[in-house]
Amino acid sequence: MSSKFTKEDILRIAEQENVKYIRLLFTDLLGTIKNVEIPRSQLEKALNNKMMFDGSSIEGFVRIEESDMYLYPDLDTWVIYPWSNELGKVAGLICDVYNPDMTPFPGDPRGILKRALKEAADMGFTALNVGTEPEFFLFKSDQHGEPTLKLNDQGGYFDLAPLDLGENCRRDIVLTLDQMGFEVEASHHEVAPGQHEIDFKYAEAVTTSDNIQMFKLVVKNIARKYGLHATFMPKPLFGVNGSGMHCHLSLFRGDTNLFYDENDELGLSDTARYFLAGLLKHARAFTAITNPTVNSYKRLVPGYEAPCYIAWSPKNRSPLVRIPASRGIGTRLEIRNPDPSANPYLALAVMLKAGLDGIKNKLPLPPQTDRNIYIMDEAERRDAGIYSLPSSLEEALQELKESTIMVELLGEHALNSFLEAKQIEWDMFRTQVHQWERDQYMSLY
C-alpha cells in the first residue's frame, strides 16, 4: 500500500497552512491518549524519528533509570485539527514508541497490535478489517466546567429534538470528523437518556484503533463547546443501558473476505467458524482487556442489552457474538462485550489472537443459540454449554493471567504493568466504603 503522505508533503502542507504546533500522539497501556507538542520548527526532526520523550512518567512504560524513548510518527495519520484557534493551526501525528536502540518498545499498545497482525500475515491474512460502534453519554458541566450528573436530554433510541437536545452537539461532532477525513456512516441518539452513537466506516485494525482515539478526542473537545461533558465510562448511571463499543471483525486476503462462503447455510466460511470458536474459547481470558475497568462489569449484567453469556447467534442479540445479516464483502462477526474504556489497540489485538488460535487449531464451533439467554435459568444454560463472562475486574484479571496465548501476545512487560495497575484499581474499589453501603447498613445495624 502506498502512503498518503511523504515527509516532504507534510513539511510543505504545514508551511502552506501556517501550522504553528504539532501534537505527537501516542497511547499509554491503559488507553489514555498522550502527546508531546512541538513547534513547527521541530517538525523535520520529528519526521526523522529524532524526537525523544520521558517514558518513565507514562503508565505502563519504563522505570526512571531507563526513561529515554523515541516517537516514530506514522506519516499517514497527519491531520490538521479543525478547532485550531487564534494562536495558529495545530496538527497531529500518531506515533509508535521505540527504545533508544531503535527497536520497537514492547509495551507500546500500537506495537502489540502490529505484532498480532504480523502473526495473521504469516498465516496468509493481509488485513483484519474492523468497524466499531463507540457509545458515549453527554452530561451538563457546572459553572467551573466540571461534569455533573445532569443529563441534557431525556431522549431515547433514534429520537429527534426536542427530546434529543444533544442533536446539535452531535451534528457538530460529525461535521468535525468529516473535516478530518472520517467517513461517518450514521449518528443517532441511543437507548438511554443522554446517550449517543456515531458510526464511522470500517478500516484495517491499526487505522480503526487510531480513529477511535481521535474520535474520543473530537467528541470531548466539541462537547466542551456546548457546555457539556462527554464520557466514555461504560456505566455512568444505574438503571439504564451502559455504553458499549461493539466490534465488527473480518479477515481479508487482498480484496477477498475470507469469512464468506456462498455455499454455507449461514454464508460463513470454515475460517470464520474457526475464528468464532477461538473468540468463544478465549472470551473469559480477554475480557480484562476489552472491559478493563471496575465500572465495566456494572454494564455486563442481564437486562440492559449488554452480553454476559458466551454464545453466538446469527440473529439473537443476547449472546456475546452476533452474525450481522450482510453477506459477501460485508460478512463479519460482531463482538458485543467490548466497551469504550478499552485500549482499542490492545482490545483488537487480543480478539485477533483468540480468533487466530481458533483457526490454527481448527477449534470446533458450539451450536448457535437462538433463545433469549437472559430468560434461561442456570440449569438451562449449563445444559446448553453456555458460560458467563467474568462478573468482576478481579475475576477477569485472574483469567487473563492464566491464559497462555494472552500472556504470549502481551509480553512480560505489558502484562505485568497492566496487571499491577488494574490490581491497584480493584483494591481501591474493594476497600472503599460506598454510599450504597451507608444507605443499607447505617440504620439497620
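These notebook entries record what I looked up in a predicted model.

I number residues from 1 along each chain as its sequence is written, and side-chain values use heavy atoms, without hydrogens and water. In this predicted model, local features need pLDDT of at least 70 and side-chain atom pairs pLDDT 80 or more, whereas totals for chains, interfaces and linings use all residues.

**Aromatic pairs.** I counted 12 aromatic pairs, taking Phe, Tyr and Trp rings (six-membered ring for Trp) with centres within 6.5 Å; planes under 30 degrees apart are stacked, over 60 edge-to-face, the rest tilted. Tyr 72 and Tyr 98 are stacked, because their ring centres are 3.8 Å apart and their planes lie at 5°. I found both Tyr 72 and Tyr 98 buried (under 20% relative accessible area; exposed is over 50%, partly exposed in between; 1.4 Å probe, protein chains only). I then looked up Phe 136 and Phe 215, whose centres are 6.2 Å apart with planes at 65°, so the pair is edge-to-face. Phe 136 has a relative accessible area of 0%, and Phe 215 is likewise buried at 0%. Ring pairs join Phe 136, Phe 182, Phe 200, Phe 215 and Phe 232 in a cluster.

**Thr 148.** I looked up polar contacts (N or O pairs within 3.5 Å; within protein, one atom must be able to donate a hydrogen and the other to accept it, and residues adjacent in sequence count only if both atoms are side-chain atoms). A polar side-chain atom of Thr 148 lies 2.7 Å from the backbone oxygen of Lys 140. The Thr 148 side chain also reaches the backbone nitrogen of Lys 150, at 3.1 Å.
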